[in-house]
Amino acid sequence: MVDKKIREEKYGLKDLLEIIFDGDVRTDWCVQRSTEQLKSAMMNDLIFTAIDGDHIPEIILGEQTSDEDWFGIPYLVDEKQLWVIDGCQRLSVLTAFRFGNYRLTKNMSEWIITYKEKQKDDDGQLIKDFNGQYISVEKTFDLRGKTFDELPPELQKSFDSNQMCLVTHLNCSSNRISNLIRRYNNHVAMNPSQILLTHVSKFGRKIRELMECSFFKESGLFTQNEKKRGIYERIICESVMEIFHLEQWKKDGRKMGDFINDNTTMEEFNVLGEIMDRMCKVCGSKYQQWFTPKNMAVWFAAFHRFSNMERDDADFADFMDAFTDRLHSKKIGDKSFDDIEQVRTTKDKKTIATKIDLLESLIADYFGTEKVGFSVPTTDPLKFLNQNVSTEITEQDLNFYQDLLNDYIIEIDSKSWVLKEENRNSLLGIVAYAVAIDEDIEKDWIPEFFNKHYFYIKNQRENFLYMKRNLHRFLRERKRERDVK
């Protein structure tokens, strides 16, 4: 016997919209497209269909009963939740008309609707014919420019009672719901940026969180329409790739999404969130001409490399002033930023890498410092320490750092992702660096860092630099607290 996979039900339209409105069925699954995708002409046609009592395509739901943790292990959720898989746009339009005072536009393909009105006498009583049937008169109504409350009672009733079919996929995991959204929306109406998000189900909630970052509202030159079309999600995914996985850059959105889902960690998205907040704080709205959808991921990557130069964030605003004034046209080698902007292949790996490298060169030259660059680190512990901490570290030193690290992490939960073997080189790096600057990190920084960070950046050089910045921030705050006392 095969377990039943779906459940079919019918609801009156008003009853269904109230269920949505009350939150019993949610429309905001993490990889679902934003609502308001339909243009006014399509919205008008849908509302006309509902008022006319005609057929509205079925709504597809997913019943979530399980989720997955970061190790991919499924677990049952505390309470079942229904999510809209297909039909968000229809439901948002119909809800806006029924409860949100949405007004039909003047430009409608059909606007005259016919209905029957029961006749009443002077006392307001319904009139019957000699057979005892109520007498009705056929009337017409012009829908253009009308809200729901301006409809005749007969048309309001027709809208509210229109029967809609709900098909619910039962006992779904979070991954199953994301796959169903991709399946049902795999048509022309879903653009590449929106499709990309359906391939990043593991980080969908985090991406939604980053979309609300102040940077998009204050510092970048972005429109609400670009948010609606999934441009914010694409920028966030491209930024993670350009900052941490440039060598594996994928031009195709589906391939990029699959790579991110399988190869990145939450810590990388957290770092991107920090970059966005820090840039917003020091840049404000002053440089919007540069912070556009086309180049935003490039600028996030450039700021990340600037951060690894260990300068104050305020210095970045000084560089941006110089860049706006003259450096945008300064040639490094035989190209300036302006020159690269003329290249049509804006999403090719070579073009992106050239832009990031050029910006880093301009930043390093402006401050008279060394470039940090991007590299795939070695897996050999001693070589890693020689490349990132000191060329004078020996095999004997490495053994000493190994012993120190083992002592430091005795009290740390052995199940912590940060302790995974593939993250050990960066941990050895921070231990070696702490010894080099004569700081004891065992009792204060190590416990605090592990309590706040559950994941790590897979690129060990990037993770080491991230921990190094975190350690310096910790030491500065500790010094301020001691100075106050």
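Contact here means heavy atoms within 4.5 Å, and buried means under 20% relative accessible area, with exposed over 50% and partly exposed in between (1.4 Å probe, protein chains only). Helices (H or I, at least four residues) and strands (E, at least two) are DSSP runs, numbered from the N terminus.

H16 itself covers residues 349–367, which is 19 residues, and reaches 27 Å from its first C-alpha to its last, close to the 27 Å expected at 1.5 Å a residue. That expected span is 1.5 Å times one less than the number of residues. Among the buried residues of H16 are Ile 352, Ile 356, Leu 359, Ile 363 and Phe 367. After the helix comes Gly 368, with a positive phi near 65 degrees.

## About the model

Please keep in mind that this is a predicted model: local features need pLDDT of at least 70, side-chain atom pairs count only at pLDDT 80 or more, and totals for chains, interfaces and linings use all residues. Residues are numbered from 1 along each chain as its sequence is written, and side-chain values use heavy atoms, with hydrogens and water left out.

## Aromatic pairs

Rings of Phe, Tyr and Trp (its six-membered ring) pair if their centres lie within 6.5 Å; planes under 30 degrees apart count as stacked, over 60 as edge-to-face and the rest as tilted. The count by this rule is 30 aromatic pairs. In one of them, the ring centres of Trp 290 and Phe 323 are 4.8 Å apart and the planes stand at 75 degrees, so this pair is edge-to-face. Trp 290 sits in the loop between helix H12 (266–283) and helix H13 (296–307), while Phe 323 belongs to helix H14 (residues 314–325), so the pair ties together parts that are 33 residues apart in sequence. Trp 290 and Phe 323 are both buried.

Phe 449 and Phe 450 also form an edge-to-face pair, because their ring centres are 6.2 Å apart and their planes are at 75 degrees. Both of these residues, Phe 449 and Phe 450, are buried.

## Ser 193 in helix H6

Ser 193 is found in helix H6 (residues 192–198) and is buried, with a relative accessible area of 8%. Leaving aside residues up to four places away in sequence, Ser 193 touches Arg 229, Gly 230, Ile 231 and Arg 234. With Arg 234 there is also a polar contact between the two side chains (3.5 Å).

Note on methods:
Polar contact = N/O pair within 3.5 Å; in protein donor to acceptor, adjacent residues only side chain to side chain.
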